Amino acid sequence: MATQAECGEQSATGGHASDAEELLPKSSSSAMPDPDADTVPRLSAKVHRRYTPAELARIPLSELRFRPLQDADMDEMVALHTEWFPISYDQDFYKKSVGGQLFSLVAVYSTPPQASVSVGEETILGMITMSTYCEHHSEAIGHVLGAECEAICHRHKSQERPQSDNDDAEGQMPSSGGLAYILTLGVAEGYRRKGLARELIR
């Protein structure tokens with residue numbers, strides 16, 4: 001059982017953490033329906049603790065490196081998605097993204113020798129996640145391309161890849177087609193309007 005003094009210390013610690021969080025700037029993501037709402041998240045991702053907006057603006061696009069998401073990116077991916085989007089993604093989405101079940105690409109900046117953080121430490125400045133699973137796009141594809149998934153996606157699938165012995169004949173595995181659907185696309189605040197989103201799509 002915690003003593004009264006311990007409870008007081010815990011409350012004080014929690015209070016300091018809350019106060020520190022209140023000092024962080026709010027996300028200005030265009031996806032937020034009401035940018036002035038109290039529910040708009042604070043900028044708590046690592047990238048904002050490592051670099052000021054002015055420092056981010058000075059990083060050339062040519063110095064970024066592109067790679068897939070990794071297991072070690074999980075926490076930063078969650079933090080950035082919280083800043084970018086007004087909806088909550090479940091753990092399954094994050095696990096599939098860092099585990100390679102969904103296509104992903106992140107743009108990272110490696111710290112130069114003169115910087116204050118560890119040399120060579122990577123900072124994520126943007127990312128994209130995509131899926132070829134029909135379950136992710138079958139409902140929306142008709143509005144976008146004017147035809148149903150069965151008419152377009154599976155036609156491309158049959159043309160591009162012959163059926164494998166590993167395919168589930170009973171359809172128990174998610175159906176994968178020939179079209180890619182962008183699930184999420186975001187760029188860290190302070191590095192927008194530099195062409196990074198376009199590079200991630202390419």
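**Close-up views of a predicted model**

**View 1. The crossing of helices α4 and α5 is right-handed.** In this predicted model, the contact between the two helices is made by M74, M77, V78 and H81 on the α4 side, and by Q91, F93, Y94, K95, S97 and V98 on the α5 side. The axes of α4, which covers residues 74-84, and of α5, which covers residues 91-99, come within 10 Å and cross at roughly 130 degrees.

**View 2. The largest nonpolar core has 32 residues.** Those with the most contacts inside this core are L64, L125, M127, Y191 and L196, and the elements that give two or more residues to the core are α4, α5, β2 (103-110), β3 (122-133) and α9 (196-201). In soluble globular proteins, nonpolar side chains tend to be buried together.

**View 3. The surroundings of L196, one of the core residues with the most contacts.** When neighbours within four places in sequence are left aside, L196 is in contact with L61, L64, F66, A107, L125, G126, V187 and Y191.

**View 4. D38 in the loop between α1 and α2.** The loop that holds D38 runs between helix α1, residues 4-23, and helix α2, residues 46-50. D38 counts as exposed because its relative accessibility is 76%, and the cut-off for that word is over 50%. Although D38 and K26 are twelve residues apart along the chain, their C-alpha atoms are separated by 9.3 Å.

Terms used: Residues are numbered from 1 along each chain as its sequence is written. This is a predicted model: local features need pLDDT of at least 70, side-chain atom pairs count only at pLDDT 80 or more; totals for chains, interfaces and linings use all residues. Side-chain values use heavy atoms; hydrogens and water are left out. Helices (H or I, at least four residues) and strands (E, at least two) are DSSP runs, numbered from the N terminus. Buried means under 20% relative accessible area, exposed over 50%, partly exposed in between (1.4 Å probe, protein chains only). Axes are lines fitted to C-alpha atoms, for helices over the stretch in contact, and angles run from 0 to 180 degrees between N-to-C directions. A crossing is left-handed if the near helix is turned anticlockwise from the far one by less than a right angle, and right-handed if clockwise. Contact means heavy atoms within 4.5 Å. A nonpolar core is a set of buried Ala, Val, Leu, Ile, Met, Phe, Trp, Tyr and Cys residues joined through side-chain atoms within 4.5 Å.
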